[in-house]
Amino acid sequence: MNPYDRYILPALLDGCCGMKAIQRQRAALIPRARGRVLEIGIGTGRNFPFYQPQAVEALVGLDPAEQMNGKARKRARAAGMTVELISVSAEGIPADDDSFDTVVCTFSLCTIPDPVAALNEMRRVLRPGGDLLFSEHGLAPDASVQRWQHRLTPAWSRMAGGCQLDRDIPGLIAEGGFAVRDMDARYLKGPKPWTYVRTGSARAT
């Protein structure tokens, strides 16, 4: 692993994902997690402060970027959470069918190489009636912003660990076998190509 990916990229992603506007999205979503919880793209553990420990039976965090585990463990301890960290990509989740009550995916679908395969895996490991909780930036509704997203994505992706600015989040969720139950969609504070965020829940169809 080169020095940029090991040291600079984790700090960049942690800073971007810790902005106040993004933390407010997390704060509105994460307390809804219940039972056995699988978090996709757990990264540096930005969601930990918002879990309700009394509602979470077990928490498993999945992320291929093992270099972020140290900070994630520190944040878990600070939040009074116990987490099992697994360093693999979400296209192949090492868990049995129907083994989680909640899957959490926040600001991660943008970087997963095959997001539909990952969503199919999330659906597989969710128990019947289980919830996918998501908060994701992606393709904006305005054509002028979309044009900038398409232009910026190739360079941004190389800088930001594969992050894609122009993914159609509702389309991916549907293609992965989920139906959205509720969703808030809005521009957060900041440059529009990066800040159109959809937050909500979905269940397997």
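Predicted model: local features only at pLDDT ≥ 70, side-chain atom pairs only at ≥ 80, totals over all residues.

Modeller: Gladly! Isoleucine 40 brings us to strand E1, residues 35-40, which runs parallel to E4 and is joined to E4 by four bridges. E4 itself spans residues 100-106, and six of its seven residues are buried, so the strand is mostly covered.

Now look at another neighbour of E4. Strand E5, residues 126-137, also pairs with E4 in the parallel sense, this time over six bridges. Here you can find valine 103 standing opposite leucine 132 in E5. To follow the chain between these two strands, trace helix H4, residues 115-125: E4, H4 and E5 make up a right-handed β-α-β unit.

E5 also leads us to the charged side chains. Side chains of opposite charge can pair when their charged atoms come close. Aspartate 131 forms a salt bridge with arginine 203, with 2.7 Å between the closest N and O atoms. This pair links distant parts of the chain, since aspartate 131 lies in strand E5 and arginine 203 in strand E7 (residues 196-204), 72 residues apart. Arginine 203 has 31% relative accessibility, so this residue counts as partly exposed.

How many salt bridges are there in the whole structure? A search finds 10. One of them joins aspartate 14 to lysine 71, whose closest N and O atoms are 3.7 Å apart. That pair, too, connects distant parts of the chain: aspartate 14 sits in helix H1 (residues 3-17) and lysine 71 in helix H3 (residues 69-78), 57 residues apart. Aspartate 14 counts as buried because its relative accessibility is 8%, and buried means under 20%. Lysine 71, at 40%, counts as partly exposed. Both belong to a network of salt bridges that links Asp14, Arg46, Lys71 and Arg75.

Arginine 32 and aspartate 182 meet through their side chains in a salt bridge, 3.0 Å from N to O. Arginine 32 is in the loop between helix H2 (20-29) and E1, while aspartate 182 is in strand E6 (residues 178-187), 150 residues apart. Arginine 32 is partly exposed because its relative accessibility is 36%, and aspartate 182 is partly exposed at 30%.

Definitions and conventions:
Residues numbered from 1 in each chain as written. Heavy atoms only, no water. Buried < 20%, exposed > 50% of the residue type's maximum accessible area, 1.4 Å probe, protein only. Pairing = 2+ DSSP bridges. Right-handed = clockwise from strand over helix to strand, strands pointing away. Salt bridge = Lys/Arg side-chain N within 4 Å of Asp/Glu carboxyl O.
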